[in-house]
Amino acid sequence: MFALLLLALAAVVTVASAALAVQISLGSSDVNQLGGTGLVDVTCPANPCQVTKVSWVLTSSAPYKVDKVSVQWTTAKSSGANYMVYVVLYDSSNNVKSSGSATQAAASGAVTTQVDVAPDVDPKDVYRVEVVIVEQ
């Protein structure tokens, strides 16, 4: 019975606090500004929207490790734009092993962006690669 009384009292306190929260009154000058775009389509920065090839650059001496990743693709715009190309290398458990980024200027044909990844990673530890391209 005592526990039921405490539960009822807790419910009343909760409702009373919620009721106090809705009584706050603010003017628009007391609220920080906020804006949103609504739903906007996201377009791919590659044309067509794909990476055509990923290749590996290894260190020049043993033990050989992945030092850079070459990403072949075609920019969506032929001029007047820059892109950031990000590469992430994952192990067999989807843990990040290495990552990096590079800038690529728009071009009229296929480009190869060489991304220096750090730290250099043993090839036996690379199971997956992720490429993200962002127009700046």
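Colleague: Contact means heavy atoms within 4.5 Å. With that cut-off, which residues does K68 touch, not counting residues up to four places away in sequence?

Modeller: K68 touches S55, W56, V57, Q114, V115, D116 and V117. This is a predicted model, where local features need pLDDT of at least 70 and side-chain atom pairs count only at pLDDT 80 or more, while totals for chains, interfaces and linings use all residues. Residues are numbered from 1 along each chain as its sequence is written, and side-chain values use heavy atoms, with hydrogens and water left out.

Colleague: Where is K68 placed?

Modeller: K68 is in strand β2. Helices (H or I, at least four residues) and strands (E, at least two) are DSSP runs, numbered from the N terminus.

Colleague: How far apart are K68 and S55, in sequence and in space?

Modeller: They are separated by 13 residues in sequence and by 8.7 Å in space, C-alpha to C-alpha.

Colleague: Let's step back. How many helices and strands does the chain have?

Modeller: There is one helix and there are six strands. Along the sequence they follow the pattern α-β-β-β-β-β-β.

Colleague: What share of the residues is buried?

Modeller: Of the 136 residues in the chain, 23% are buried. Buried means under 20% relative accessible area, exposed means over 50%, and partly exposed is in between (1.4 Å probe, protein chains only).

Colleague: What share of the contacts with a separation of 6 or more comes from residues 24 or more positions apart?

Modeller: Those residues account for 59% of such contacts.

Colleague: Back to β2. Why is β2 called largely enclosed by the rest of the structure?

Modeller: Strand β2 covers residues 66-75, and seven of its ten residues are buried, so it is largely enclosed.

Colleague: Which way do β1 and β2 run, parallel or antiparallel?

Modeller: Antiparallel, joined by eight bridges. Two strands pair if DSSP finds at least two bridges between them. In this pairing, L58 stands opposite V66 in β2.

Colleague: In which sense do β2 and β5 pair?

Modeller: β2 pairs with strand β5 (residues 110-121) in the antiparallel sense, over eight bridges. Here W73 stands opposite V111 in β5.

Colleague: Changing topic: how many salt bridges does a search of the whole structure find?

Modeller: Three. A salt bridge is a side-chain nitrogen of Lys or Arg within 4 Å of a carboxyl oxygen of Asp or Glu.

Colleague: Which residue forms one with K68?

Modeller: D67, with the closest N and O atoms 2.9 Å apart. D67 is buried at 16% relative accessible area, whereas K68 is partly exposed at 23%.

Colleague: Which residue does E135 bridge to?

Modeller: E135 bridges to K77, and their closest N and O atoms are 2.7 Å apart. E135 lies in strand β6 (residues 128-135) and K77 in the loop between β2 and β3 (82-90), so the pair ties together parts that are 58 residues apart in sequence. E135 is partly exposed at 34%, and K77 is partly exposed at 39%.

Colleague: What about K124 and D125?

Modeller: Their side chains meet in a salt bridge at 3.1 Å, N to O. K124 is exposed at 57% relative accessibility, while D125 is partly exposed at 22%.

Colleague: How many disulfides does the structure hold?

Modeller: One. A disulfide is a pair of cysteine sulfur atoms within 2.5 Å. It joins C44 to C49, with an S to S distance of 1.9 Å.

Colleague: Is it right-handed or left-handed?

Modeller: The torsion about the S-S bond of C44 and C49 is about 90 degrees, so the disulfide is right-handed. C44 is partly exposed, at 31%, and C49 is exposed, at 53%.

Colleague: Last one: which residues make the nonpolar surface patch?

Modeller: W56, L58, Y64 and V129, over about 380 Å². Patches are made of residues with over 30% relative accessible area and no salt bridge, where like charges are joined within 9 Å and nonpolar side chains (Val, Leu, Ile, Met, Phe, Trp, Tyr) within 5 Å. W56 lies in strand β1, residues 46-58, and is partly exposed at 41%.

Technical notes:
Areas by Shrake-Rupley, 256 points an atom, 1.4 Å probe, with all protein chains shown as cover.
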